[in-house]
Amino acid sequence: MIELKGIPSSNGLVIGKALLYLEDTLPEIPRYKIEKTQINEEWERFLSATAGITNKIRQKLAKPAIKSSKERGDILKARLLMFEDIEFHENIENALKNKLQNIESVVWEISQNLVDKLSLLPSAEFRERAADISDMARELLNKLLSVQHFSLASLTEAVIVAARDIAPSQALAMDKNFVKAIVTDAGSSTSHTTIIARSLGIPAVVGTTSGSTQIKTGDILIVDGDKGLVFINPDKKTLSLYKKLIKENDVHLKTAKSLIGQDTATTDGKRFTLKVNMETPSELEKAIDIGAEGVGLYRSEFIFLTEGRAASEENQYHAYSEMLKAAKGLPVTIRTLDAGGDKIIPSLFQGVDEKNPILGWRSIRFSLSRPDIFMTQLRAILRASVHGTVRILFPLISGIEEMEQALGFLEEAKSGCDAKNQPYSDSILTGAMIEVPSAALVADSLIKKSDFFSIGTNDLVQYTLGVDRGNEKVNYLAQPEHPAILRLIKMTIDAAHKEGKPVSVCGETAGDARFAPLLIGLGLDEFSMNAASLYEVKRIIRENSFAECQKLAEKALCCASAKEVALLLNLGINQRS
Ligand code: PEP
Ligand code: MG
């Protein structure tokens, strides 16, 4: 058995047969000189190949399955723009005239130059852009050379697809009935392919670095999209453990479904609010149907990441309005732009070269130093606020000054709306994310400026334990059960409750049901998680008594190590050691 670790990018457990997919290679490219008289003919071939591809994209866009998925629709539209990009067409036409080479070699050269330039840039976002261009060139060259390649759309049996990378064009073609999970060497949690897998509900582990060199077609794989683990040809023990886990998941799902409509309260009557983290409104209706009481975290940077640039006020206004309308009056917590660090928006970070981007120009720091972008976002949120119940959440607040400055900008944005007679809700609550230890340590003063707190455990763990959340080498140290984290959560909750204000957890810990008794006992008011975890967390809440959970939390707070807490919470053998 080989165990691979990657980035858990789309939840779910799957056991199945591997298909090693290495179809992202380029065809052999012919190179020959052409006469001036042949320029038109070659240009026509280019236009006809492009038209063939764009027509297909348009047909896909018209399909109901795509129409109902905003993420997939957006990615297709972005591809359409790439193929129809005027500058790209002009570059090809000019090179064709100047070089007098066949169209295939011109397309190859122009795209390769672009890819080479982008690949040299330090950020992952530029590399993703380079991958998109390679993908476009490959599709064009295949079309020009009439090469038929195997496509993930043509699968006829259920497989787990293992690949170096999966191009967005192929990811868009995936059918959930045949692609049971994906495992890739490359990728990040914000890459296009990951976004698509999540939107299709296909479990994914990306960033395994060398998975495709170790997995062979026909191997039996276990993909644990919750923890980012892949087992190649698992031993009997691991196989039976996962079979049991999958069965448990199924049983839980069935019993959990019966919880719809039941109160989210402990056996002794303490009520909790369960919300979902949503990047687009497409799945919100379903989440509300199964009991979500609103959106606890709307990561607004996804709008910027999909566009690759600062989203306009109109685009943001539409995105927020859509989410608010889909929420049907339930609260939507819009987190302001959390850019930078590992979420680089190409056009906003051009030329920025930071030694420690995670400790650098990111999140609220970025917004406060770019009033143009911040004010545009705040205006869009205010204008959209008339369509529902908005709460604004500021990310990575490290102390009271940043909160005051952010609120100052919000007031200015309100004045701007007043001056233009643009209506907005007068009951917008504003909160601070507790993601760095300093915020938790001054929570007593920070709460005076906040209507609520939302604890981002993903970053709180990263900054408290000094462990890069994207680095698989130190991932074992990313322990939300560490007593230091528990104490910071407790401090945050106590400070807010003293002022009669609520606290939510919107990091991944909120959706990990094993932590629910502890969070209940610590006095948390609200859990915000991915929709798939709702049932399970609700079940745990309903099966426990608040009094017992409080005792558990007291014990946990006295533990000296993460290991002790893990034992107390019965975190199980898969917990990082
Ligand atoms: C967090 O840090 O816990 C959080 C919810 O924000 P993100 O995962 O987007 O950094
Ligand atoms: Mg965060």
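User: Hi! How far apart are the end C-alpha atoms of helix α5, and what span should its 18 residues give?
Analyst: Hello! In this predicted model, the end C-alpha atoms of α5 (residues 103–120) are 26 Å apart. At 1.5 Å a residue, its 18 residues should span 26 Å, so the two values agree.

User: Nice. Which residues of α5 are buried?
Analyst: The buried ones are Ile103, Glu104, Ser105, Val106, Val107, Trp108, Ile110, Ser111, Val115 and Leu118.

User: Let's switch to ligand 1. How many residues surround it, and which are the closest?
Analyst: There are 14 residues around ligand 1. The closest are Arg299, Arg335, Glu435, Asn458 and Arg469.

User: What does Arg299 do in terms of distance to an oxygen atom of ligand 1?
Analyst: An N or O atom in the Arg299 side chain lies 2.7 Å from a ligand 1 oxygen. For the side chain of Glu435, the distance from an N or O atom to an oxygen of ligand 1 is 2.8 Å.

User: And which part of Asn458 is 2.8 Å from a ligand oxygen, backbone or side chain?
Analyst: With Asn458, a polar backbone atom is 2.8 Å from an oxygen atom of ligand 1.

User: How much of ligand 1 does the protein bury?
Analyst: The protein buries 98% of the 290 Å² that ligand 1 exposes when taken alone.

User: Which element gives the most to the shell around ligand 1?
Analyst: That's α19, with 3 residues. Both β10 (295–299) and α19 (457–465) supply at least two residues of that shell.

Definitions and conventions
Residues numbered from 1 in each chain as written. Chains lettered and ligands numbered in written order. Predicted model: local features only at pLDDT ≥ 70, side-chain atom pairs only at ≥ 80, totals over all residues. Heavy atoms only, no water. Near = heavy atom within 4 Å. Polar contact = N/O pair within 3.5 Å; in protein donor to acceptor, adjacent residues only side chain to side chain. Areas by Shrake-Rupley, 256 points an atom, 1.4 Å probe, with all protein chains shown as cover. Helix = DSSP H or I, 4+ residues; strand = E, 2+ residues; numbered from the N terminus. Expected span 1.5 Å × (residues − 1). Buried < 20%, exposed > 50% of the residue type's maximum accessible area, 1.4 Å probe, protein only.
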